[in-house]
Amino acid sequence: MGKAKKKHRLVDAKEPNLLDDIFPYRLPPLIRLEGPVVEYIDGEAVQFDFGAVKDRPIVISDTTFRDGQQARPPYTIEQMVHIYDLLSRLSGPNGVVRQTEFFLYTKNDRETLERCLALGHDYPECTGWIRAVKGDFRLVKEAGLKETGMLTSCSDYHIFHKLKFRSRKECIDSYCEVVDAAFDAGVRPRCHLEDLTRADIEGFVLPFVDRLMEMSRQVPEEQSVKIRLCDTMGFGISYPGAELPRSIPKLIYKLNRECGVPSDRLEWHGHNDFHKVHTNAATAWLYGCDFVNTTLFGFGERTGNPPLESAIFEYISLKGDLCGIDTMVITELADYMRSIGLPIPDNYPFAGRAFNTTRAGIHAGGLRQDEQIYNIFDTGKLLGRPPRVAITDKSGADGVAHWLNEFFGLKGDDRINKIKVHKLARWVIDQYDEEGRLTAISDQELEAKAKELFPDYWAKYKGAS
Amino acid sequence: MATVEERVKAVTARVLRLSSDEINMDDSFTADLGAESVQSIELVAMFEEEFGIEMDEDAALAVETVGAAVEFITNVCKEQGISIE
C-alpha cells in the first residue's frame, strides 16, 4: 500500500453539480485543455499549446471515394453524387469538411467528378488522387482541379521492395520530378508520405521534405506542396515518450518546426489496424496538423480510416460550437449507406442502430428518470436519435415502460408509469421463462402487444387502426 | 367482508403462486416470499385493482413487508375515501 500524499475533503452538497460547463448536453461533451504539454525531442523539452486548437483553423478532409472505396465494391455514379451532396450539407457553410478526393482514371471516375462539381457546392472542395507519374497531371488539369494527392512512399519497405528503386536518392529525384511536373501544370501537389510510421525519418523523410519546401519557395503559395502524413499500417502512437518513427507528436514536430511545413499544409491520414485510428487523428490536430483525413463510418483499406463522423464530434467538442455543421446528416448518411448495402454494426458509435440503446433494466430505470443519466448528449436533437431501450429478459418493468413511452411519444406527466405496464412486462418475462426465448424482442412484436394491451393509448397516439 | 390483511395475503398468494397460509405479516416480499422485479410491479398493480385505489409508484414499491403493505394500503384507502370495513 502506498502512503497517501494528500487528504481530500468531502464537499457536501444538497444540490447536484452536473458539470454543465463540460457536459452541456445540447452539444457533445467539451474537451477542455490546459497546457502546456511537454514532449522531449532529441533531448530537449518541447512545449505544445493544445489549448490553441480552439482558435486554429483545423478542418476535416475526406477520402470516402478513394481509400473508402478501396474497401468495397465500387459505388455507382449516382451513389457518389448523392453522398457528395450529403457531405456538403454536413460540412456546413464554414467548410468544416474542407476537401474530398477522387480517382481520375476511369470514365466513371471523371463523370462522377464532373457531376459533383456541377452541384456548385463550395465544400467539400474536390481534389484528385494520382500515382507519382508525370503523365497523370494531364488528368488533373483536364478535370479542372487545383490540387491532387500523389503517392510518395517513404519507408524502405516501399522504396526498395515495392517500387524497386536502386537508392533513396534515385527515389527522391524521381518524386521531385513529378512534383515539378505538378508545378508546371499549375497544380498543387499533396505529397502522400506513404508508410511514414515505418520510415527512416532522419535519413529519408526530413531530407525529402526539406527539398519539397525548397521547391515550394519557387512557386506561388497556393501551389506550394502539402504533406499528408500517411500512417499506412496504423503503427502511429499518440502518447508522449514514444519513439520515432511511430510517435505522432515527434513526426509533426519534425515536419512542422524543423522542416517548416506550416500547419495548414499538414494532414494526418490514419488506419485502424491497432484500434488507434480516431485518437491518433485527434492527436495530430493537437500537435499541429490542421487537416485530418477521414472516411464516412471509417470504411477504408483493411481496418479502415478515421471515421468522419467521429472527427465531426471531436471537432465540435474541441471548438465548443457546432460551427455550422449539420450533424443530423450523419443519420441520413448512415441510413443511405445501409440502403446501398454497406453494413454498419449495430453498436457503432453515433450511427449504429443501437448506439444509444440500452438493454439493462437498471439503465432503463435511469433513462426513465432522466435521459441524461445514460445518454452521451442530446442525440435526439443532434442526430434525430433519442435514446432507446431494447427489450429482453434483463429490461425489467423500467425498460418496458421506457420503450412504451418512447413509442407513444409521451413526456412528463403524460408518461405511463411502470405499474401500468405490468401486463406487458409479464408478457416479456414469460417469453423467456415460459417460452424459452433467447433473442431480443423486436419493435414489431412489442407494437402488436402495445396495441392489444393499451388500446386507449393506441387510439389516441397511433390512430384508430 | 374479508379484512385488509386477508385481502393483501390473498393477492400476494395469487401473484406469487403461494398458499395464503404460508404468508406471514412480517414476511419480506422479496427476501422471504421470492418476489422478482416484475412480480413486485404486479403486486402493486393487483393491490390497486383489488382495493380500487391508485398508489404512488415509488412509495408503493418501497414497501418491504406484508404487514407494511397492509398499513400502507389502509392509509391510502382512507386518503382516497375507499371503504375497507
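Analyst: Happy to! Helices (H or I, at least four residues) and strands (E, at least two) are DSSP runs, numbered from the N terminus. This is a predicted model, in which local features need pLDDT of at least 70 and side-chain atom pairs count only at pLDDT 80 or more, while totals for chains, interfaces and linings use all residues. Residues are numbered from 1 along each chain as its sequence is written, and chains are lettered from A and ligands numbered from 1 in the order in which they are written.

Chain B is as compact as a globular protein of its length, because its radius of gyration (taken over C-alpha atoms) is 12 Å, close to the 12 Å from the globule rule (2.2 Å times the number of residues to the power 0.38) for 85 residues. Along the principal axes, the C-alpha atoms of chain B fill a box of roughly 30 × 30 × 20 Å. Of the 85 residues in chain B, 27% are buried (20 or more other C-beta atoms within 10 Å of a residue's own, against 12 or fewer for exposed and in between for partly exposed, with C-beta atoms placed from the backbone).

Chain B meets chain A through 8 residues of its own and 10 residues of chain A, where contact puts C-beta atoms, placed from the backbone, within 7 Å. On the chain A side, helix H13 (396–408) and helix H14 (422–433) each supply at least two residues, and H14(A) gives the most, with 4 residues.

In chain A, 8 strands close into a barrel in the order E3-E4-E5-E6-E7-E8-E9-E10, with parallel pairing (strands pair if DSSP finds at least two bridges between them).

On one pairing, strand E5 (residues 125–130) of chain A is joined to E6(A) by 3 bridges and runs parallel to it; here A:Ile130 stands opposite A:Met150. On another, E6(A) and strand E7 (residues 188–193) of chain A pair in the parallel sense over 5 bridges, and A:His192 in E7(A) is the bridge partner of A:Leu151. Helix H9 (residues 308–319) of chain A packs on the sheet, touching strand E3 (59–62) and strand E10 (291–294), and its direction makes about 175° with that of E3(A).

How enclosed is the strand itself? E6(A) is largely enclosed by the rest of the structure, because 4 of its 5 residues are buried. A:Glu147 counts as partly exposed because 19 C-beta neighbours lie inside 10 Å. Leaving aside residues up to four places away in sequence, A:Glu147 touches A:Thr127, A:Val187, A:Arg188 and A:Arg190. A:Glu222 is 75 residues from A:Glu147 in sequence, yet their C-alpha atoms are 9.4 Å apart in space.

Note on methods: Two residues are in contact if their C-beta atoms, placed from the backbone, lie within 7 Å. Axes are lines fitted to C-alpha atoms, for helices over the stretch in contact, and angles run from 0 to 180 degrees between N-to-C directions.
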